[in-house]
Amino acid sequence: MYYKKPSGDYFELIAVTRVYVLQKNHAGDLELRLELADGSTLERVLTRAAYAVFLENPPSIII
């Protein structure tokens with residue numbers, strides 16, 4: 001899985017090395033933290049249904 005990271009006028013593909021589920025918010029959504037190979041992190045909020053799809057069919061590139 002890769003993150004398409006904007007760097008100036010181009011996009012750089014950075015590998016996602018780890019995915020952490022941090023907590024569930026009041027709406028029942030899951031807060032995720034994606035750890036990237038360059039040491040930076042990306043945070044996302046997904047519903048349980050979207051997270052299930054994410055686990056079964058992980059995207060090859062996250063924008």
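A residue counts as buried when its relative accessible area is under 20%. By that cut-off, 22% of the 63 residues of this chain are buried. The model is predicted.

- Read along the sequence, the elements follow the pattern β-β-β-β-α-β.
- The five strands make up an open sheet with mixed pairing, and their order in the sheet is β4-β3-β2-β1-β5.
- At the edges lie β4, residues 41-46, and β5, residues 61-62, each of which pairs on one side only.
- Strands of a sheet pair through backbone hydrogen bonds, which can be parallel or antiparallel in arrangement.

**The pairing of β3 and β4**
- Strand β3 covers residues 30-36 and runs antiparallel to β4, with six bridges joining the two.
- R33 has E43, in β4, as its bridge partner.

**Dimensions and contacts**
- The C-alpha trace spans about 35 × 20 × 20 Å along its principal axes.
- Among contacts with a separation of 6 or more, 24% are between residues 24 or more positions apart in the chain.

- The chain has an accessible surface of about 4500 Å².
- Carbon and sulfur atoms account for 52% of that accessible surface.

Methods
Residues are numbered from 1 along each chain as its sequence is written. This is a predicted model: local features need pLDDT of at least 70, side-chain atom pairs count only at pLDDT 80 or more; totals for chains, interfaces and linings use all residues. Side-chain values use heavy atoms; hydrogens and water are left out. Two strands pair if DSSP finds at least two bridges between them. Helices (H or I, at least four residues) and strands (E, at least two) are DSSP runs, numbered from the N terminus. Buried means under 20% relative accessible area, exposed over 50%, partly exposed in between (1.4 Å probe, protein chains only). Contact means heavy atoms within 4.5 Å. Accessible areas come from the Shrake-Rupley method with a 1.4 Å probe; for residues, only the protein chains shown count as cover.
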